[in-house]
Amino acid sequence: GYQAQFSNWVMGVELSYSAMDLEQSQVSAVVADRSRTMSISDLFLASLRVGTTWDRWLLYVKGGYASAEVDIRSNVISSGVVTSRSSEREGGWNLGAGLEYAISPNVILGVQYDYVSLSGSDRFNVDQNAFTLQDHRSIDADIHAVTARLNWKFNP
């Protein structure tokens, strides 16, 4: 990231990437012996940051664009057979806040909270076993993350 300080105000931009592997499964309420699994990986965030300083502390808020690879699979529970699958990069947004402390002119420790909301469009796939179309709807995912940070300041 890059940030600049104007009096007690700090503004900047931040790009981040997380090689995560999140997964959630849900049993179908309509079709017996079926479940749907959503996996999220490769999260990218592009955020603007605005904060205020006092002494060696920085308190900030951030927000911007989010993108991740979202994979959806429909399964037969009893056999584990995957009946359909779709994978796409989905977009969304992020909002967060953080607190940092400069332990030296170049080394900064911090903690940050991020809320990420991803949502996608309808997906239609060819069924892997019977060559029929499957419809995967309502691709909405919320991610809550807390991150400990260790930063190096290049221009103290």
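Two strands pair if DSSP finds at least two bridges between them. Strands (E, at least two residues) and helices (H or I, at least four) are DSSP runs, numbered from the N terminus.

This is a predicted model, in which local features need pLDDT of at least 70, side-chain atom pairs count only at pLDDT 80 or more, and totals for chains, interfaces and linings use all residues. Residues are numbered from 1 along each chain as its sequence is written, and side-chain values use heavy atoms, with hydrogens and water left out.

The protein has 9 strands and 0 helices.

| Strand pair | Bridges | Example of bridge partners |
|---|---|---|
| β5 and β6 | 11 bridges | Gly-98 and Gln-112 |
| β6 and β9 (residues 139-152) | 14 bridges | Gly-110 and Arg-149 |

Between β5 and β6 the chain passes through a hairpin of 4 residues.

Trp-54, Trp-57, Leu-59, Leu-99, Val-111, Tyr-113 and Val-146 make a nonpolar surface patch of about 640 Å². Accessible areas come from the Shrake-Rupley method with a 1.4 Å probe, and for residues only the protein chains shown count as cover. Leu-99 lies in β5 (residues 82-102) and, at 31% relative accessibility, counts as partly exposed (between buried, under 20%, and exposed, over 50%).

Buried residues account for 34% of the 156 residues.

Note on methods:
Patches are made of residues with over 30% relative accessible area and no salt bridge: like charges are joined within 9 Å, nonpolar side chains (Val, Leu, Ile, Met, Phe, Trp, Tyr) within 5 Å. A salt bridge is a side-chain nitrogen of Lys or Arg within 4 Å of a carboxyl oxygen of Asp or Glu. Buried means under 20% relative accessible area, exposed over 50%, partly exposed in between (1.4 Å probe, protein chains only).
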